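Reader: I have the sequence and the coordinates open. Can we go through a few local features?

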Protein chains: 2
Amino acid sequence: MRIGSSIAFSQPHSLYSFASIVGQKEGEGPMKNYFDKIEADPTFGEKNWEKAESRLQSDTFALALQKGRLQQIDIDCIVAGDLINQCTGSSFAVRETKIPYLGVYGACSTMAESLLIAGMLIDGGFSGKSAAVTSSHFSTAERQFRFPLSYGGQRTPTAQWTCTASGAAVVSSEGGAPFIMGGCIGKIADLGVTDTSNMGAAMAPAAADTIMRYLQDTQTNPEDYDAIVTGDLGNIGSPLLIDLLLKQGINITAQHQDCGSLMFDEQKQDTHAGGSGCGCSASILCGYYLPKLQNNEFRKILFAATGALLSAMSPQQGESIPSICHLVEIRSQEGLAC
Amino acid sequence: MRIGSSIAFSQPHSLYSFASIVGQKEGEGPMKNYFDKIEADPTFGEKNWEKAESRLQSDTFALALQKGRLQQIDIDCIVAGDLINQCTGSSFAVRETKIPYLGVYGACSTMAESLLIAGMLIDGGFSGKSAAVTSSHFSTAERQFRFPLSYGGQRTPTAQWTCTASGAAVVSSEGGAPFIMGGCIGKIADLGVTDTSNMGAAMAPAAADTIMRYLQDTQTNPEDYDAIVTGDLGNIGSPLLIDLLLKQGINITAQHQDCGSLMFDEQKQDTHAGGSGCGCSASILCGYYLPKLQNNEFRKILFAATGALLSAMSPQQGESIPSICHLVEIRSQEGLAC
């Protein structure tokens, strides 16, 4: 069902099983106790960074299946994407399966976009179980978007750290909490930010637009949610989001949490403005929030993942950074009754 | 509804309006009389090739709206993608609108993938009208995947020519023929082809798998369709597809047509194995097939767009080429009764 510009599924759909795997640095941050697995080897046993990211993603998907006692044949479709050119992180990971595949690109908003599309597959009866999967890897992102690692370039204080991380969640027509209820497809926002080392500032307006539209469409208030979680605005973008919404009369200060800010200890880990990458919000969703929704510690959350839709070339051509934010609402068993 | 591993929408959904724009070379080929517009200026009035492709895509979307007497506000979501790194061809085109956006990546299969997702948006009642849009540009693809144009590299006989072309179609809950009925989400096939100048060979197995699954799931035969249209197998991949299906006892010789082979006159235009690029099959679908379905010249077709999911880097890392084929079934008004 359509509500304004938002989406409500015809019934709640189970997030049947889910998993998160992260790299060593992510496994040393404040979230370290929540991930299913911390992998010390950044190559994940592979010969290059790109294959490493594919291995990370396919391992995370396999772990989500294992945790749900599922097999590949139980999954009708994988909806996946990543930051690597032509989304090869995902396509080479999915290649190992015989599962139908919808490739998506939403930069760091990919997990929310994938969950929305997987939810539509379930809602329309096109699938019994479909998976939303995404990943990022520090080293694939650095060499693609920035500098050779050995160059040792200085990072600005506003820069975020691309996480080596992956999250996978199986959406199912049957099963228990947590439940995906619907959400909001993002619009592109671009207020002219051209600093590629300040993605948080570029993405905050997109998050504000999507969250505001969803609250309006569902006639809900921030207090109706235990958490309004953004993906990867980091320590610079997060206060900007709160300011932008305050100017619209919406105060999310008490509910707002950001995956980019949660991932690292800024002081101890020298990560500057926080984490980023498709895998950042995906791993924190699957590692931290979904288990807490499973045991009713949270009852209702909004997961609003943000993405910066630039390429390595577009800023060199004088372009500003188009950004987007896709949102999904997730509830616990108790949350269904609220 | 799910039928085996295929998808059937709960009712036929209208392809309400559609448009195609191509470049000069495409406008000199056998399809020249079918496109809405042929643009002689390869820059489309922009400063660089990437902006040119975005302009081509946004112009094509605008033309689809105009032909349907629609405005941007009538469209609930744009589902779009392209070949440029991080899909900036699409995101910079969509940025000019205020329309929610789902970015997808399926390489040259993108039009079929976008139509399937747009169809699901309509089928679930999440949207009244959504657009599927894609593009490719010879010059953005050449400099990203191959060599600088001024290098003057020789192309092999198996190489395909990336088309400067775009197609846009509005899927709608209301309206007349042609109608999208459902389809089949592709699985990745990779038989080990490593020659990036022979995409047709790499993609043929993916097309065979998807077409075979759809025929089996719907219990139909090739003769039930006026055309089984593949996207961009070209002159090398097309006979391979027919052979692969013949080995499975399926003969599509009479029904098979390929957008890559249709686009150019191989002898006169020096394009070798045919056209390719997201815009190739999209522009031929929107320019040639959909009008013929509108006037019942065709009654039922399968549109099976194929994509090679490699990056410029993956073959250098010794990888073979993962390929995919997404399929949609489209019918005319008379086709509904068949």
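**Contacts, helices and packing**

Author: Apart from neighbours within four places in sequence, B:Glu39 touches B:Val22, B:Gly23, B:Gln24 and B:Phe44. Keep in mind that this is a predicted model.

Reader: Where does B:Glu39 lie?

Author: In strand E3 of chain B, residues 37-39.

Reader: And how far apart are B:Glu39 and B:Val22, in sequence and in space?

Author: They are separated by 17 residues in sequence, and their C-alpha atoms are 6.3 Å apart.

Reader: Moving on to B:Ser109. Which elements is its loop between?

Author: The loop holding B:Ser109 runs between strand E5 (101-103) and helix H3 (110-123) of chain B.

Reader: Is B:Ser109 buried or exposed?

Author: Buried, because its relative accessible area is 0%, and the cut-off for buried is under 20%.

Reader: What is B:Ser109 in contact with, leaving aside neighbours within four places in sequence?

Author: B:Ala305, B:Thr306, B:Gly307, B:Ile324 and B:His326.

Reader: Next, H3(B) and H9(B). At what angle do they pack?

Author: About 60°, and their axes are 8 Å apart. H3(B) and H9(B) are therefore oblique to each other.

Reader: Which residues make the contact?

Author: H3(B) contributes B:Thr110, B:Met111 and B:Leu115, while H9(B) contributes B:Cys278, B:Ala282, B:Leu285 and B:Cys286. By class, six are nonpolar, one is polar and none is charged.

Reader: What about H3(A) and H9(A), what angle there?

Author: Helix H3 (residues 110-123) and helix H9 (residues 278-294) of chain A pack at about 60°, with 8 Å between their axes. That angle makes H3(A) oblique to H9(A). The contact involves A:Thr110, A:Met111 and A:Leu115 from H3(A), and A:Cys278, A:Ala282, A:Leu285 and A:Cys286 from H9(A). These residues comprise six nonpolar, one polar and no charged.

Reader: Which residues of H6(B) are buried?

Author: B:Gly234, B:Gly237, B:Ser238, B:Leu241, B:Ile242 and B:Leu245. Viewed down the axis of H6(B), the buried residues fall within an arc of 140°, so they line one face of the helix.

Reader: What do those buried residues pack against?

Author: In chain B, helix H5 (199-218), strand E10 (227-231), strand E11 (256-258) and helix H7 (259-263).

Reader: What comes just after H6(B)?

Author: B:Gly249, which has a positive phi of about 80°.

Reader: On to H5(A). How many of its residues are buried?

Author: 17 of the 20, so H5(A) is largely enclosed by the rest of the structure. The helix runs over residues 199-218 and reaches 29 Å from its first C-alpha to its last, close to the 28 Å expected. A:Gln219 follows H5(A), with a positive phi near 50°.

Reader: Last one, B:Tyr214. Where is it?

Author: In helix H5 of chain B. B:Tyr214 is buried, because its relative accessible area is 3%.

Notes:
Residues are numbered from 1 along each chain as its sequence is written. Chains are lettered from A and ligands numbered from 1 in the order in which they are written. This is a predicted model: local features need pLDDT of at least 70, side-chain atom pairs count only at pLDDT 80 or more; totals for chains, interfaces and linings use all residues. Side-chain values use heavy atoms; hydrogens and water are left out. Helices (H or I, at least four residues) and strands (E, at least two) are DSSP runs, numbered from the N terminus. The expected span of a helix is 1.5 Å times one less than its number of residues. Buried means under 20% relative accessible area, exposed over 50%, partly exposed in between (1.4 Å probe, protein chains only). Contact means heavy atoms within 4.5 Å. Axes are lines fitted to C-alpha atoms, for helices over the stretch in contact, and angles run from 0 to 180 degrees between N-to-C directions. Angles under 35 degrees count as roughly parallel, over 145 as roughly antiparallel, 65 to 115 as roughly perpendicular and the rest as oblique. Ala, Val, Leu, Ile, Met, Phe, Trp, Tyr, Cys and Pro count as nonpolar, Asp, Glu, Lys and Arg as charged, and the others, Gly among them, as polar. The arc is that of the directions from the helix axis to the C-beta atoms.
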